[in-house]
Amino acid sequence: LWGYLQMQVPFPFPLLCSQVIKCKAAVMWEANKPFSIEEVEVAPPKAHEVRIKIVATGICRSDDHVVTGALVMPFPIILGHEAAGVVESVGEGVTSVKPGDKVIPLFVPQCGECSSCLNTKGNLCSKNDIGSAAGLMTDGTSRFTCKGKAIHHFIGTSTFTEYTVVHESSMAKIDSAAPLDKVCLIGCGFSTGYGAAVQTAKVEPGSTCAVFGLGGVGLSVVMGCKAAGASRIIGVDINKDKFAKAKELGATDCINPKDFKKPIHEVLIEMTGHGVDYSFEVIGRTETMTAALACCQYNYGVSVIVGVPPAAQNITFDPMLLFTGRTWKGSVFGGWKSKDSVPKLVADYMKKKFVLDPLITHTLPFTKINEGFDLLRTGK
């Protein structure tokens, strides 16, 4: 499921901040249509902004949710949010990076001033553009123009372009030796899944876990559960082709709900005797969210929603599931404070504390982005 798109474009360095850059970008003009490779103009960074040459970007299901309309965003738009690149130029007042530095854009910023940033329990900075979906920089304008028309940004990152502009709070400087075609996954998928286990759920040694959805993020949850010392990790997916990779990364069992006549939460309770200690929904479907809640231990079980919920859908469930003591939690970007944590995660990767290569199934040139999404949608 995880691939990355290689950007091959000359790096016009050094550049003055006053210059507009013309480059290729994958523009989504409207929902449910293919990406269109266009020449776009990328304006120079304004105060406290950074212009980045994107070197590699991952394809994430959240991008596809915008394409299908499950995640509502304004069009036209440049999607992409999981990437790594090199600083091309900086705006006035930027102090944390300089041209030539390697960076990872952050779809969850860290302003360091809002209530979530200041609270040790929080990580969803109020400056994020996930909830409001304005698709603009903090001054209410865009840095992208195509065919004379302003193009919207996507959650403060927009990485399906050879150059992008982000706010200084929405990028993290990383190790100059880090391979950008690998650590781009730390910009979303790996960090989101791994952190859901070790940071949000705080999985304990010897515990039992169930992971619903074995795509790139789900596999990263499996890796987090294993790193935390879980004794049993049960992967749940309707695509049996994902089982071998899941077991390679730490899953002890893999089950397909289609193989059973009874509800999957009942199957999991029978497998464990009393339900799992921790469950993770990494798909983004309301039915699997309630199934994940129901399969965890009735009193002290913890269930974490990791998959992006579909727009305009509500969940109906028996409140007794919570009354008995279960905990239901959400996790955005794995609960990590982004600007603080991403450089540390890159450092851990460089120290071989975890692997990323197994998550990368395909490597494609940027112009084949539509083929990449076809691979995503067919579960390959």
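The buried residues of helix 1 are covered by elements that include strand 2 (21–28), strand 4 and helix 11 (369–377). Cover here is judged by contact, meaning heavy atoms within 4.5 Å. Helices (H or I, at least four residues) and strands (E, at least two) are DSSP runs, numbered from the N terminus. The model is predicted: local features need pLDDT of at least 70, side-chain atom pairs count only at pLDDT 80 or more, and totals for chains, interfaces and linings use all residues. Residues are numbered from 1 along each chain as its sequence is written, and side-chain values use heavy atoms, with hydrogens and water left out.

Helix 1 spans residues 61–68 and is largely enclosed by the rest of the structure, because 6 of its 8 residues are buried. Buried means under 20% relative accessible area (1.4 Å probe, protein chains only). The buried residues are Ser 62, Asp 63, Asp 64, His 65, Val 66 and Val 67. Just after helix 1, Gly 69 has a positive phi of about 90 degrees.

Strand 6 (residues 83–90) is mostly covered, with 8 of its 8 residues buried. Strands pair if DSSP finds at least two bridges between them. Strand 6 runs antiparallel to strand 4 (residues 49–58), joined by 7 bridges. In this pair, Ala 56 stands opposite Ala 84. Strand 6 is also antiparallel to strand 7 (residues 102–105), through 2 bridges. There, Val 86 faces Lys 102.

An open, antiparallel sheet is formed by 5 strands in the order 5-2-3-8-9. Its edge strands, strand 5 (77–78) and strand 9 (149–151), each pair on one side only. Strand 9 pairs with strand 8 (residues 144–146) over 3 antiparallel bridges. Thr 145 stands opposite Ala 150 of strand 9.

Technical notes:
Buried < 20%, exposed > 50% of the residue type's maximum accessible area, 1.4 Å probe, protein only.
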